[in-house]
Amino acid sequence: MNPIELRASLGLAGLYALRMLGMFLILPVFAVYAGKLPGGDNHAMVGLAFGAYGLTQALLQLPFGMWSDRAGRKKVIYIGLALFALGSMMCAMADHVAWLIVGRAVQGAGAISAAITALLADLTREENRTKAMAMIGGSIASTFAISLVAAPTLAAWIGLPGIFILTAVLTVAAMIGVKKIIPDPIVSRFHSDAEISATRLPAVLRHPQLLRMNYGVFALHAAQMAMFTVMPLLLTKLGGISLEHHWWVYLPVVLVGFVLMVPAVIYGEKKQHLKEVFIFAISLMLLAQLGMALFMPNLVMIVVWLSVYFIAFNILEATQPSLISKIAPSDAKGTAMGVYNTCQSLSMFLGSAIAGWLYQQHGSVTAIFLLCAALMVIWLFFAAGMQPPLPVKTQMFHIGDNWAGDGQALSVKLAAIDGVKEVVVLIDERVALLKVLQTGWDEAAARQLIEETAGLTVPSAL
């Protein structure tokens, strides 16, 4: 990466992490603190407040991304951050759970994830884009782990209103960072690997393998939000741990989940057993949900089932984007990820809203976790019919801004190279997208062909 690409990648990874902080930092504490507000004795209302963020995210994520193509990336990002800061302050000042619902909805309305990804694509060359996206993925995972551990102590110091105020202040700082740190793109164009295409949307929505993945992310994050709607209450009431010490539980189970996730993912990717690892993790998640529903009499068993949960969650969270990349058509990867992320946001709303309603109706968590277990059974059924993904990766090559050759002819020649499984040449975007075997493909031949055809020197792809 050159200095501009590195600055853009690190800056946008930090911005994305801050965007997710608004959700992650309140996960372990929201149910307890919201319950102390007027109206907080109604767990259905608390569940709605918890999930309202996801609802507006789901509704506005795709439109905001498409809007950024016309209005400009940074303009949309500024508007989204301003909405996020406004919603955070509304939550901080809420004197009733109903106003907390409104504030959370305004927070989620700043749906800038797609605009950030598009800006990153504008600011990075094709051969460096995978590395830049990986930085964003790493920042999200780190934010999630840090939030689970830090939030209980932070909430004990400044309360939930203080967390919302802190989030608003950091968001204003992020707006300054976008202005001062993130470069302005010289050229802003559509990128199929990173953005939503309305023309490709129908095909993605009909793709049977992608539909399986969309249901999977829906089930996974609906169960996540349902669990965090009631888990802080369980740790306090059943486990006998005060809220500021909940990190005593979260820290070890998150570490266990992370450590055991790494070899599972490596085994799946390197040994070409990704489907088997995927189904194993879903089965493990089903076990965790059944355990929390049927046998959770004390703190020890809470820790046991949370450990099983985070092992499964981390494996699934790491493998699903990889599967999307392998399954999605090369020219619709951005569209596939956009639909996937929308399903995730919608599940966050429904998971917490339904969990709050069930807890209000039954006064116990059994029905909640049994419902989550049912989601996992359905997921297992869908995953069993999934076609094992080819051991491929996506390579992108720039073909020259002034190239005016025959894209179809170039596609045919590239497809004939050893190890190339799929080729799409996008003339408007000046890129050739190749799905190639992870090992053993002839990269040198592809580079030489593009150089000869386009009359330029192509850097090595990642």
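Let's start with Trp 441, which is found in the loop between strand S3 (431–437) and helix H16 (443–454); helices (H or I, at least four residues) and strands (E, at least two) are DSSP runs, numbered from the N terminus. This is a predicted model, in which local features need pLDDT of at least 70 and side-chain atom pairs count only at pLDDT 80 or more, while totals for chains, interfaces and linings use all residues. Residues are numbered from 1 along each chain as its sequence is written, and side-chain values use heavy atoms, with hydrogens and water left out.

With a relative accessibility of 11%, Trp 441 counts as buried (buried means under 20% relative accessible area, exposed over 50%, partly exposed in between; 1.4 Å probe, protein chains only). Leaving aside neighbours within four places in sequence, Trp 441 is in contact with residues including Lys 393, Phe 397, Asp 418, Leu 434 and Ala 446, where contact means heavy atoms within 4.5 Å.

## Aromatic pairs

The structure holds 13 aromatic pairs. Rings of Phe, Tyr and Trp (its six-membered ring) pair if their centres lie within 6.5 Å; planes under 30 degrees apart count as stacked, over 60 as edge-to-face and the rest as tilted. For Tyr 215 and Phe 382, the centres are 5.3 Å apart and the planes stand at 80°, so this pair is edge-to-face. The pair links distant parts of the chain, with Tyr 215 in helix H9 (residues 208–237) and Phe 382 in helix H14 (residues 366–384), 167 residues apart. Tyr 215 is buried at 17%, whereas Phe 382 is partly exposed at 31%.

Tyr 309 and Phe 310 also make an edge-to-face pair, 5.1 Å centre to centre with 90° between the planes. Tyr 309 is buried, at 1% relative accessible area, and Phe 310 is buried, at 1%. Ring pairs join Tyr 309 and Phe 310 with Phe 24, Phe 144 and Phe 313 in a cluster.

## Charges over rings

Lys 36 lies over the face of Tyr 33, at 4.8 Å from the ring centre. A charge sits over a ring if NZ of Lys or CZ of Arg is within 6 Å of the ring centre and within 35 degrees of the ring normal. The charged end of Arg 104 sits over the ring of Phe 30, 5.9 Å from its centre.

## Cysteines

How many disulfides does a search of the whole structure find? The search finds zero, a disulfide being a pair of cysteine sulfur atoms within 2.5 Å. The sulfur of Cys 343 has its closest cysteine sulfur in Cys 372, 17 Å away, which is too far for a bond. Cys 372 is buried, with a relative accessible area of 3%.
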